[in-house]
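Start with the picture below, then follow the contacts pair by pair.

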Amino acid sequence: LTIYFMAWILLKLIFFSRFKKLISNGKRDEYFSEMGINFSLVNTISGISTYIDRILLFQLVGARELAIYSFAAAPPEQIKGFFKNLSSLILTKLSTRTKEEIMTGLPKKLILMLLVIVPMMVLYILVVPVLFDWFFPQYIESIGYSQLYIISLLGLLVIPINAAMSAIPKTKALVIASIVTP
């Protein structure tokens, strides 16, 4: 694990220093430096809080239960992955708008997301028993948990909110959301 992270950090530093030399104009923008540090903090906290459940589950109840949980969580997490880049797309659009325009359009985006997510959840709840029966018959116990876990798709509603907080920017709110949401 240490070797993996050291190699990852080393590669990031190498590419960062090369990129910095290519685009450096000798000026330092304190606002962007502060935002970069804050977004790095947000991503770190979010990454830790996203995967801590698996470590705790293994330590508290064991490997078999972790396997059941992992199989229950895998399909909903894959569905969430489909929406992974949506935040970047929304942020690109919002970054050209004023705070008032962003706040006015936010409810519409939330309703649109809800109209996409809820039918997906219902369809998943209906189809998942058949899928598990075909692909994971040894993990039939995971079906109920997976049907319950799909409710976590409602957490995708924070995508437009996080994009709006990034565009405005609301750093403290982003840090809180990155801890609470996972």
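## H3 against H5

Phe71, Ala72, Pro75, Pro76 and Ile79 of H3 meet Met120, Tyr124 and Phe132 of H5. Contact here means heavy atoms within 4.5 Å. Helices (H or I, at least four residues) and strands (E, at least two) are DSSP runs, numbered from the N terminus. The residues of this H3–H5 contact divide into 8 nonpolar, no polar and no charged. Ala, Val, Leu, Ile, Met, Phe, Trp, Tyr, Cys and Pro count as nonpolar; Asp, Glu, Lys and Arg count as charged; the others, Gly among them, count as polar.

The axes of H3 and helix H5 (residues 99-135) come within 12 Å and cross at roughly 135°. That angle makes H3 oblique to H5. Axes are lines fitted to C-alpha atoms, for helices over the stretch in contact, and angles run from 0 to 180 degrees between N-to-C directions. Angles under 35 degrees count as roughly parallel, over 145 as roughly antiparallel, 65 to 115 as roughly perpendicular and the rest as oblique. H3 and H5 cross in a right-handed sense. A crossing is right-handed if the near helix is turned clockwise from the far one by less than a right angle, and left-handed if anticlockwise.

## Basis of the model

This is a predicted model: local features need pLDDT of at least 70, side-chain atom pairs count only at pLDDT 80 or more, and totals for chains, interfaces and linings use all residues. Residues are numbered from 1 along each chain as its sequence is written, and side-chain values use heavy atoms, with hydrogens and water left out.

## Overall build

The protein has 8 helices and 0 strands. From the N terminus, its elements run α-α-α-α-α-α-α-α. Along its principal axes, the C-alpha trace spans about 60 × 45 × 25 Å. The radius of gyration is 20 Å, whereas a compact globule of 182 residues would have one near 16 Å. That radius is taken over C-alpha atoms, and the globule rule is 2.2 Å times the number of residues to the power 0.38.

Buried residues make up 23% of the 182 residues. Buried means under 20% relative accessible area, exposed over 50%, and partly exposed in between (1.4 Å probe, protein chains only). Among contacts with a separation of 6 or more, residues 24 or more positions apart account for 75%.

## H3 against H6

H3 also packs on H6. The axes of helix H3 (residues 63-82) and H6 come within 8 Å and cross at roughly 35°. Their crossing is right-handed. H3 contributes Ile68, Tyr69, Phe71, Ala72, Ala73, Pro75, Pro76, Glu77 and Lys80 to the contact, and H6 contributes Ser142, Tyr145, Ser146 and Tyr149. By class, the H3–H6 contact has 9 nonpolar, 2 polar and 2 charged residues.

Two serines deserve a look. Serine 146 sits in helix H6 (residues 142-149). Serine 146 is buried, with a relative accessible area of 0%. Not counting residues up to four places away in sequence, serine 146 touches Ala72, Pro75, Pro76, Tyr124, Val128 and Phe132. At 0% relative accessibility, serine 142 counts as buried. With neighbours within four places in sequence left aside, serine 142 contacts Ile68, Phe71, Ala72 and Phe132.

## H4 against H7

The axes of helix H4 (residues 86-94) and helix H7 (residues 158-167) come within 9 Å and cross at roughly 45°. H4 is therefore oblique to H7. The crossing is right-handed. Leu86, Ser87, Ile90, Leu91 and Leu94 of H4 make the contact with Ile159, Pro160, Ala163, Ala164, Ser166 and Ala167 of H7. These residues divide into 9 nonpolar, 2 polar and no charged.

Isoleucine 159 belongs to H7. Isoleucine 159 counts as buried at 11% relative accessibility. Beyond its neighbours within four places in sequence, isoleucine 159 is in contact with Phe83, Leu86, Ser87, Ile90 and Met113. At 0% relative accessibility, alanine 163 counts as buried. Outside four places in sequence, alanine 163 contacts Ser87, Ile90, Leu91 and Leu94. Alanine 163 and threonine 44 are 119 residues apart in sequence and 18 Å apart in space, C-alpha to C-alpha.
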